[in-house]
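Me: I would like to learn how to read a model with several chains. Can we go through it feature by feature?

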Amino acid sequence: MLSPVILIPALLNGLLTGAVYALVALGLTLIYGVLHIINFAHGALLTAAMFAAYFAFTVLGIDPYLAVFIISPLFFAIGYALQRFVIGPASHGEDRNMLLVTLGLSVVIENALLFGFRADTRTIDVPYAFSTIDLGFTYLAVPRLVGFVAVFVVALALWLIMSLTDIGRAIRAVAKEKFGAQLAGIDVAHVYAVTFGLGTACVAIAACLLMPTYYVNPSAGNAFVLVAFTIVVLGGMGSVPGAVLGGLVIGVVESLSSLFLGDSLGQVGIFLIFIAVLLVRPQGLFGAKA
Amino acid sequence: MAKPLLDLRGVARRFGGLIAVSGVSMSVREGSITALIGPNGAGKTTMFSLISGFLKPSEGQIYYDGREVTGEPAYKLARRGIGRTFQIVQPFAGLTVRENICVGSYLRCRQRAAANAAAEKVAREVGLETLLDAPADTLTVAGRKRLELAKALATEPKLLLLDEVLAGLNPSEIRDIIPVIRGLRDRGITILMIEHVMQAVMSLAEHVFVLAEGRLIAEGAPAEVAGSPIVIEAYLGHGAAKRLARTP
Amino acid sequence: MKSFTPIAIVIAGLAAVPLLVHSNVVLNFFVVALMIALAGQGWNILGGYGGQYSFGHAIFFGSGAYVTAILQVKYGVNAWPAFGCGIIAGAVAGTAVGWLAFRAGLRGSYFALVTLAFAEVLRIVASVAPITGAGVGTLVKLDLSFASLQFESRAAFYWLILALVSVALIVTWAIERSRFGAWLTAVRENEEAARALGVDAVAVKIGAMVISGAITAAAGCFYVQYFLFVDSHIAYGAWISIEALLTPIIGGAGTIFGPLIGALVVKALGEAALVVTGEAPGLDLVVFGVVLIVVVGFAPRGIGGLRTTLLTKIKRGLGGGTAEVRRG
């Protein structure tokens with residue numbers, strides 16, 4: 001059972017899956033790091049972006065890898081507007097309310113998609129969906145390799161935005177000391193909205209990278225979001241490197257535990273890790289403090 | 001001389017590498033009003049958190065009422081009779097004044113009627129009896145300070161820790177509340193207060209401890225302490241005592 | 001709430017419904033609404049009075065449902081004691097989750113997440129474990145008799161669920177008037193200040209979760225007796241976690257009648273949405289979500305507290321409110 005012929009491909013596959021998880025988690029952790037809320041609408045936004053990628057391909061004929069450049073700015077705008085005009089005003093600055101409002105949003109988005117497109121599962125057919133690279137001892141799926149590279153590109157881009165741009169500096173200031181930033185003349189509502197927009201754009205990128213090999217239905221995003229919560233908690237809430245590392249770890253854990261326990265119990269493994277980390281070390285494995 | 005109600009022996013508290021309080025030994029005599037003063041950042045509020053169980057000391061022991069209570073959680077110490085107010089008032093904002101005080105009085109009264117009666121009695125003592133049904137978040141600053149005091153009193157403390165109950169009040173409000181505090185002492189509550197309003201410290205306290213940079217630097221009767229060069233320097237900076245002495 | 005009279009009036013009024021209405025469709029609507037109200041009343045104890053927002057009350061609903069069903073089907077236990085055991089199962093689950101989460105100091109988002117994760121773990125386990133009937137679910141044998149806690153008439157079921165709701169209302173009323181209730185709301189408003197007044201916040205929160213779990217579990221037990229079927233999606237699915245939270249928030253969290261008002265409003269809106277769209281799935285939940293956001297945004301006291309909210313707004317608008325520096 002533990003022969004390397006099975007183990008190594010499972011490990012590599014885990015890393016590749018983990019990369020997409022990490023992308024979803026990146027958006028979540030970014031929002032948490034600045035707004036200090038858990039965005040319960042994250043999964044529904046992922047689903048919505050997957051539908052966008054699906055229709056970009058089927059209606060407009062745009063390849064998902066190109067559609068990234070349309071859909072992620074679009075979702076940045078959607079995220080910005082949601083935070084600025086819905087979540088922010090409706091929650092009156094109270095954490096409990098933000099929880100409820102994002103939960104409400106997720107219910108609305110998911111069920112609006114269900115109402116509009118029914119529960120049918122849809123896939124797209126791209127020529128490279130099954131192309132692989134032969135490593136001699138195993139094959140790697142090209143689309144998943146693209147995802148793996150993309151997570152590092154996105155993480156790097158985020159890091160550059162954070163360290164080089166004015167808005168990045170403003171975001172870091174708000175994350176550290178909200179009232180101080182406010183006193184220094186930073187428009188906190190704008191910064192919150194930009195952050196939420198960036199987080200939503202991350203999810204849109206993940207959606208476009210997923211579409212060539214995955215399916216979409218109105219609850220497709222849910223499969224990812226609990227995993228993303230786990231990654232964010234594991235990596236330390238608000239930590240970008242933590243999210244990347246956590247994503248890869250969880251990808252491998254899931255891949256190995258489905259190998260040994262079967263698919264559905266493999267998921268249980270993830271949640272048990274999640275609960276254990278929350279209870280024992282809520283600051284995460286890589287986080288410095290709570 | 002009465003026995004000490006509270007006795008601290010070599011208490012220290014570190015936050016990571018930062019030393020907030022180090023090697024503090026002090027005792028508070030039963031039935032007295034004792035003040036803890038010191039410049040900002042001296043560690044006074046940290047001391048209160050240690051005494052009331054919100055923080056555990058890194059070193060040292062705390063004795064209260066003849067037994068060691070080091071490291072006991074806040075709610076247990078409150079049950080033993082240590083009441084405290086917070087520097088930044090902490091009302092239960094969504095509740096009425098009566099409900100706020102009842103949270104405290106339920107500690108000694110299991111029954112609702114008794115807890116209500118006790119709450120009303122405390123409200124009269126601090127001068128909130130006309131505002132019993134007002135929501136706590138509609139009170140003025142002075143009203144909130146009184147509520148903060150009332151909540152703590154409702155737990156029937158033996159030792160009451162008052163963290164700047166006078167801060168933010170105007171002179172006439174201070175004049176109104178000083179007799180209230182003295183009245184508490186007269187009915188047997190031992191009081192340890194952090195206070196910046198020196199006029200109040202002078203008129204209320206029998207004994208004063210001075211804390212600076214986490215250490216106890218002086219203690220004694222209020223007049224003695226206020227004249228002490230070490231204390232003046234701690235407040236005003238090095239050499240201040242000399243400069244003050246030179247100015248006519 | 002000071003007097004018991006309003007509760008007595010509401011219970012009496014609801015008890016008369018089957019005498020006036022004979023349509024099975026309408027009665028079914030009320031039965032389901034009251035069942036959701038019961039689940040919501042459980043959530044209300046912990047979330048409304050205690051301020052601990054659970055996103056996974058399916059833990060209790062599902063545990064109650066499965067225990068009731070499995071004891072009857074696999075172990076031949078009579079429905080009445082099985083029902084009682086289901087409620088106890090909810091209390092036990094509440095103790096376990098509360099003990100773990102509150103002793104670890106989880107609050108706010110973290111608490112919401114951990115309850116969500118527990119519900120999800122239970123759902124996955126229930127969907128594969130043989131004892132729950134795995135993917136197929138568990139079917140309770142049809143036996144319409146008082147001894148089996150199954151009734152031919154809808155009215156009888158209606159009175160059963162109304163009795164359960166009434167007990168929950170009375171429990172809530174008693175909590176409101178008790179020391180435990182005062183301490184619970186104190187913990188919600190300001191945990192640190194509560195601890196300074198001698199409140200053992202962890203014990204109070206665990207206590208609230210035990211009561212909360214038992215009440216929501218009772219709704220799950222009733223579900224099994226009414227529909228005679230349960231599977232992992234019904235028991236531990238997100239739908240019940242959301243409805244248990246939605247009803248008190250919409251009706252007024254931390255008030256006695258909040259869940260009841262919320263459940264009737266939510267269910268009525270849901271029915272209306274289905275009528276408009278001709279049974280297409282999804283729109284009813286879209287409406288719920290929108291109502292949730294609107295209520296959180298504009299009516300923080302829920303529909304039951306709308307009058308107070310409006311009065312405060314009007315007063316503030318007229319300059320009657322005191323301008324205060326919030327931090328002293």
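Me: What radius of gyration would a compact globule of 290 residues have, and what does chain A have?

Reply: The radius of gyration is taken over C-alpha atoms, and the globule rule is 2.2 Å times the number of residues to the power 0.38. For 290 residues the rule gives a value near 19 Å; chain A has 19 Å, which agrees. Its C-alpha atoms fill a box of roughly 60 × 45 × 35 Å along the principal axes. One caution: this is a predicted model, where local features need pLDDT of at least 70, side-chain atom pairs count only at pLDDT 80 or more, and totals for chains, interfaces and linings use all residues. Residues are numbered from 1 along each chain as its sequence is written, while chains are lettered from A and ligands numbered from 1 in the order in which they are written.

Me: How many helices and strands does chain A have?

Reply: Helices (H or I, at least four residues) and strands (E, at least two) are DSSP runs, numbered from the N terminus. Chain A has 11 helices and 2 strands. Along the sequence the pattern reads α-α-α-α-β-β-α-α-α-α-α-α-α.

Me: What percentage of chain A counts as buried?

Reply: A residue is buried if 20 or more other C-beta atoms lie within 10 Å of its own, exposed if 12 or fewer, and partly exposed in between; C-beta atoms are placed from the backbone. In chain A, 52% of the 290 residues are buried.

Me: Which pair of chains shares the most contacts?

Reply: Two residues are in contact if their C-beta atoms, placed from the backbone, lie within 7 Å. Of the 2 pairs of chains in contact, A and C share the most. There, 34 residues of chain A meet 34 residues of chain C. On the chain A side, helices H3 (64-91), H4 (95-117), H9 (222-235) and H11 (263-280) each supply at least two residues. H4(A) gives the most, with 15 residues. By class, the chain A side has 26 nonpolar, 6 polar and 2 charged residues. For these classes, Ala, Val, Leu, Ile, Met, Phe, Trp, Tyr, Cys and Pro count as nonpolar, Asp, Glu, Lys and Arg as charged, and the others, Gly among them, as polar.

Me: How far apart are the closest C-alpha atoms of chains A and B?

Reply: They lie 11 Å apart, and no contact joins chain A and chain B.

Me: Which residues have the most contacts inside the largest nonpolar core?

Reply: In soluble globular proteins, nonpolar side chains tend to be buried together. A nonpolar core here is a set of buried Ala, Val, Leu, Ile, Met, Phe, Trp, Tyr and Cys residues joined through C-beta atoms within 7 Å. The largest has 295 residues, and A:Leu23, A:Ala49, A:Ala53 and C:Leu38 have the most contacts inside it. Helix H10 (residues 201-227) of chain C supplies the largest share of this core, 17 residues. Beyond four places in sequence, A:Ala53 touches residues including A:Pro64, A:Ile71 and A:Met211.

Me: Is C:Gly94 buried or exposed?

Reply: C:Gly94 is buried, because 30 other C-beta atoms lie within 10 Å. C:Gly94 lies in helix H5 (residues 79-103) of chain C. C:Gly94 and C:Phe60 are 34 residues apart in sequence, yet 7.3 Å apart in space, C-alpha to C-alpha. Leaving aside neighbours within four places, C:Gly94 is in contact with C:Phe60, and with others including C:Met209 and C:Gly213.

Me: In which sense do S6 and S7 of chain B pair?

Reply: Strands of a sheet pair through backbone hydrogen bonds, either parallel or antiparallel. Two strands count as paired if DSSP finds at least two bridges between them. Strands S6 (residues 82-84) and S7 of chain B pair in the parallel sense over 3 bridges. B:Ile82 has B:Leu159 as its bridge partner in S7(B). S7(B) also runs parallel to S8 (residues 190-194) of chain B, joined by 5 bridges. There, B:Leu160 stands opposite B:Ile191.

Me: Which residues of S7(B) are on each side?

Reply: In a regular strand the side chains alternate between the two faces of the sheet. In S7(B), B:Leu159, B:Leu161 and B:Asp163 are on one side, with B:Leu160 and B:Leu162 on the other, and all are buried.

Me: In what order do the strands of the open sheet of chain B run?

Reply: The order is S2-S1-S4-S5 (chain B), with antiparallel pairing.
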